[in-house]
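Please open the model in a viewer and keep the selection panel at hand.

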Amino acid sequence: MSKLRFKISMSLDGFVAGPNQSVDNPLGIGGTRLHEWAFPLRAFREMHGFEGGEVNESTTIVEETFANIGATVMGRNMFGGHPGPWDPAKPWNGWWGANPPFHHPVFVLTHHARKPLELEGGTTFTFVADGIEAALEKARQAAGGKDVSLGGGANAAGQYLVAGLVDEMDISLVPMLLGSGERLFDAVGDDLHGLELVRTVATPKVTHLKFARRSKGDKS
Amino acid sequence: VSATAKEQAGTTTTGKVVWHATMSLDGFIAGPGDAMDWVFKHDSGPNAEVDEVLRTLGAVLVGRRSYDVGQRAQRPEMRKVYGGAWTGPQFVLTHAAPPTPPDKTITFLSGDIRTSVDTALRAAKGKNVVLIGANIARQCVEAGLVDEVLVHVAPVLLGDGIRFFDHRGAAPVDLEQITATQSGQVMNLRYRVVR
């Protein structure tokens, strides 16, 4: 069965974006620094169409999170633009330009129906207005037996987590304190929803925590 | 750290100021109603990082709320700092000191944060000062007084409670990882504060 896998970078104090998020500064104040550990990596640069780069302890983690993914689901806030109905006068086509780095079908959760958006490089955004389970089902079908990546943001991730639909969660814990901003685990309650810590990989720039669903025979 | 304490200590070395906390994965150091039971539930037994803290500890500086939560603990040993595994000078920062401290190792302080840290560092006689409590730690971070952060991350979500670092409007604080180890399901993360 194809898995739903979630990966995100989080500050030590629990934030996935800094305060004052805007169209000009989508990750908020200090938020870009949550991802700086990945930028020099060859594995990350290749994904975004650049050459060269480092190979270090984070390489296997990045390669693993990108491997065997056939489709992505993401929330409206991650796709970005503006809240509310889509504005045909100012079409918002995502943050990622003409050739987004997904190269597979992406399903965007929204309350507002919209025609699919086909971009270069194999990325098509399909807008799903009938809930998280419908979006996941569509993504699973599109993934053709591969896994589905849960792209975020925090709100969409929280909904899938609470519904018990997340099979794997990779948190890259970044050594910085943001003090305020968008919290990853806001309003998901006090339960890891069946996930347990299965691996810690410590590197000087970031600590990778892998959580996975307890296997069915393993009750504790 | 504190220039004043360092100058006055002359050639003797001054200890470090270490912010030590156990945190849930979602960033809380206490649950709703100051609940701390989850910490003991996730205690994974002997921990070399904690042993090291105790070995190098000269004094603790505790916030009033953390102190009060400790005093209310059901098990008597839990009313003591580190469950009684360490004894030494404890300084409690408060605006309203009780008339008599319950214990001669406890001193109530009401001055500003720099003076309080200086007082604790002097009492520590070259060993480290550990900060206990979110509010006091935030004040020390803001004043640039924290040298290291040691945080044990428990694989639990609390959903609500006292946040590890709640500081609206603050500039991001950069940390440099010193060590990261795992004890059972608990991660021990030690950082240097970049200033």
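A cavity is here a set of points, on a 1 Å grid over the protein atoms alone, where a 1.4 Å probe fits but cannot get out; a pocket is an open set with protein on both sides within 12 Å along at least five of seven lines, and lining residues have an atom within 4 Å of a point. Grid points are joined across faces, edges and corners, and a volume is the space filled by probe spheres set on the points. The model is predicted: local features need pLDDT of at least 70, side-chain atom pairs count only at pLDDT 80 or more, and totals for chains, interfaces and linings use all residues. Residues are numbered from 1 along each chain as its sequence is written, chains are lettered from A and ligands numbered from 1 in the order in which they are written, and side-chain values use heavy atoms, with hydrogens and water left out.

**Stop 1: the cavities**

Searching the whole structure gives 2 cavities of 30 Å³ or more. For the largest cavity, with about 70 Å³ of space, select A:Arg5, A:Phe6, A:Lys7, A:Glu64, A:Thr65, A:Ile69, A:Ser149, A:Glu168, A:Asp170 and A:Lys210, which line it. Two or more of the lining residues come from each of E1, H2 and E8 of chain A; helices (H or I, at least four residues) and strands (E, at least two) are DSSP runs, numbered from the N terminus. The largest share, 3 residues, belongs to E1(A). Colouring by residue class shows 2 nonpolar, 2 polar and 6 charged residues in this lining, where Ala, Val, Leu, Ile, Met, Phe, Trp, Tyr, Cys and Pro count as nonpolar, Asp, Glu, Lys and Arg as charged, and the others, Gly among them, as polar.

Next, select helix H5 (residues 154-162) of chain A, which provides 4 residues, the largest share of the lining of the second largest cavity. That cavity holds about 40 Å³. Its lining includes A:Phe6, A:Leu161, A:Met169 and A:Phe185, and divides into 8 nonpolar, 1 polar and no charged residues.

**Stop 2: the second largest pocket**

About 1,400 Å³ of space lies in this pocket. Of its 45 lining residues, select the closest to the centre: A:Leu27, A:His35, A:Met78, A:Trp96 and A:Gly151. Elements that give two or more residues include strand E1 (4-11), helix H2 (59-66) and strand E8 (168-174) of chain A, and H2(A) contributes the largest share, 4 residues. The lining comprises 23 nonpolar, 18 polar and 4 charged residues.

**Stop 3: chain A against chain B**

Display both chains: 34 residues of chain A are in contact (heavy atoms within 4.5 Å) with 31 residues of chain B. The chains bury about 2,700 Å² between them, 62% of it on carbon and sulfur atoms; buried area is the accessible area (1.4 Å probe) that two parts lose on being put together, summed over both. Select A:Leu12, A:Leu177 and A:Leu197, which supply 24% of the area that chain A buries against chain B, more than any other three residues.

Which residue forms a salt bridge with A:Arg33? The partner is B:Asp174, with the closest N and O atoms 2.4 Å apart; a salt bridge is a side-chain nitrogen of Lys or Arg within 4 Å of a carboxyl oxygen of Asp or Glu. The rule finds 1 salt bridge across this interface.

To finish, select E11(A), which gives the most to the side of chain A that touches chain B, with 5 residues. The residues of that side divide into 20 nonpolar, 7 polar and 7 charged.
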